[in-house]
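Please read the notes below with the model open beside them. They are numbered so that each can be checked on its own.

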Amino acid sequence: MKSGKPGKSGKPYRRPQKDPVRFLAFEALRAVDERDAYANLVLPPLLRKAREKEGPEKFDARDAALATELVYGTLRRQGTYDAIVAACIDRPLREVDPPVLDVLNLGVHQLLGTRIPTHAAVSASVELARVVLGDGRAKFVNAVLRKVAQDDLDGWVEKVAPPYDEDPEDHLAIVHSHPRWVVSALWDALGGGRAGIEDLLEADNERPEVTLVARPGRATADELLASVGEDSALPGRWSPYAVRLSEGGEPGLVDAVREGRAGVQDEGSQLVALALANAPVEGPDEKWLDGCAGPGGKAAMLAGLAAQRGAVLLAAEKQPHRAGLVAQALDGNPGPYQVIAADGTRPPWRPGTFDRVLMDVPCTGLGALRRRPEARWRRRPQDLEGFAPLQRGLLRTALESVRVGGVVGYATCSPHLAETRAVVDDVLKHTGGAELLDARPLLPDVPALGEGPDVQLWPHLHGTDAMYLALIRRTA
């Protein structure tokens, strides 16, 4: 039916208008749902495509910022918004088609999570529904969002979340938009009462800072600060190589980043590499190994630090395409290094070869939910069982690969006890001639590191991803 001709209601039919910002946000959410994509990988090419298609006048930096907020905000708050939508419809949520639910949650986020006026949030969402879903389902979206608009976020949460005293974990899960099993696991790992876990869950829902690393021997933090400008950047909290960009800072505009002399790397990740590099070893200190090196951030730091001491880094990564990313990160390192594609559980090197070994093992990624909010909805408790044999196998390889007197760093971007202390305790129980070192002194000035000897970093306490590190010396 063409624009201008009367529809069934007798009113002239108006062709829906595509809003490039909201259409882009919808495309990103569909990619996350349909292809198991990650928003941080999907968004940049979509933003570039929109800029090229619409032109800088019709799609500027503010549009890009709004699209980014809509995507990340909707993903972070998906659990809360699902509960609110469920209270506004007369069918089980699972019977709502996923594209419809994406449009609804985008609308709910605009209504409850932004300063967009109510009428604009509803009308823009209905118009998006007309474009991507059709007029029939757009009416459903309109009806639901008008119900949502009758209260604010606090009011809705009070309605849909059970009281804390009746079900603490379910209350926290809905209020802070985490799956119940994740709330339970984080609470076990953190310990303590209600305040700590609420602070952690709130931190998971905040936009993380963009942190740069000056790769040792190739750039300095002072150079990065001067390049970015004091108004747009701050020194790192804990790492001497870190620089924190202010909101909206673009890493790609920094010369050292474009040249590969610096990169984007969470400060917790930097601290893990620095702690291993500074751990005391007995005897020579010439051969280092990063046994799970992809995508290359820690390897680039270790290679630079090794070069300053006359040591050599071997960076091994099982997946060839990720090994290519490692090689790219290390390109230009001032000293010798080698990158290979190799399975860390079946290593091509001989036992006892290395003085220092880092094993940053594959895991659920529950420590990086600030950066990858969709991971909280994608992971399942049974995923832990899949990672467990690999994590133990890689740690055993690390202990076999280090010489007597050398040090192994076991690291993971997850605070889940099944991926941290349980792995270390289990492997050490069946491995003779190894002892845990106290890692805390190797993170100087970093507070709240617990009772040791291992270290767990936290977003709400340290402003980092929830990185875990255990340092182990081979004694026989």
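What covers the buried residues of helix 4?

1. Basis of the note. This is a predicted model, in which local features need pLDDT of at least 70 and side-chain atom pairs count only at pLDDT 80 or more, while totals for chains, interfaces and linings use all residues. Residues are numbered from 1 along each chain as its sequence is written, and side-chain values use heavy atoms, with hydrogens and water left out.

2. Helix 4. Helices and strands here are DSSP runs, numbered from the N terminus (helices: H or I, at least four residues; strands: E, at least two). Buried means under 20% relative accessible area, exposed means over 50%, and partly exposed is in between (1.4 Å probe, protein chains only). In helix 4 (residues 78-87), the buried residues are G79, T80, Y81, D82, I84 and V85. The cover over them includes helix 3 (61-76), helix 5 (98-112), helix 7 (135-148), helix 8 (153-160), helix 9 (168-176) and helix 17 (375-378). Contact, here and below, means heavy atoms within 4.5 Å.

3. The annotated cysteine. An unreviewed UniProt entry gives C413 the annotation "active site". UniProt positions are given in the numbering used here, feature names are shortened, and annotations may be inferred rather than shown by experiment. C413 sits in the loop between strand 9 (402-412) and helix 19 (421-429). C413 counts as buried because its relative accessibility is 16%. With neighbours within four places in sequence left aside, the residues in contact with C413 are D360, C363, G365, L366, G367, A368, D465, A466 and M467.

4. Cysteines and disulfides. A disulfide is a covalent bond between the sulfur atoms of two cysteines. The rule applied here asks for a pair of cysteine sulfur atoms within 2.5 Å, and by this rule the count is 0 disulfides. C292 is buried, with 13% relative accessibility.

5. Two strands are taken to pair if DSSP finds at least two bridges between them. An open sheet is formed by 4 strands in the order 2-3-1-4, with antiparallel pairing. Strand 2 (233-235) and strand 4 (262-264) stand at the edges; each has a single partner strand, so one side of each has no neighbour in the sheet. On average, neighbouring strands of this sheet are turned by 30° against each other, direction ignored. Axes are lines fitted to C-alpha atoms, for helices over the stretch in contact, and angles run from 0 to 180 degrees between N-to-C directions. Strand 1 (residues 210-214) pairs with strand 4 in the antiparallel sense over 3 bridges, and A214 has A262 in strand 4 as its bridge partner. Helix 14 (residues 267-278) packs on the sheet and touches strand 1 and strand 3 (242-245); the direction of helix 14 makes about 30° with that of strand 1.

6. Salt bridges. Side chains of opposite charge can pair when their charged atoms come close. A salt bridge here is a side-chain nitrogen of Lys or Arg within 4 Å of a carboxyl oxygen of Asp or Glu, and by this rule the count is 35 salt bridges.

7. A pair within one helix. R30 and D33 form a salt bridge, with their closest N and O atoms 3.1 Å apart. Because R30 and D33 are 3 residues apart in helix 1 (residues 20-35), about one helical turn separates them. R30 is buried at 8% relative accessible area, whereas D33 is partly exposed at 41%.

8. A pair across the chain. D285 and R356 form a salt bridge, the closest N and O atoms being 3.0 Å apart. This pair links distant parts of the chain, 71 residues apart: D285 is in the loop between helix 14 and strand 5 (287-290), and R356 is in strand 8 (residues 354-360). Are D285 and R356 buried or exposed? Both are buried.

9. One more pair. E317 and R322 meet in a salt bridge through their side chains (3.5 Å, N to O). E317 is buried at 8% relative accessibility, and R322 is partly exposed at 28%.
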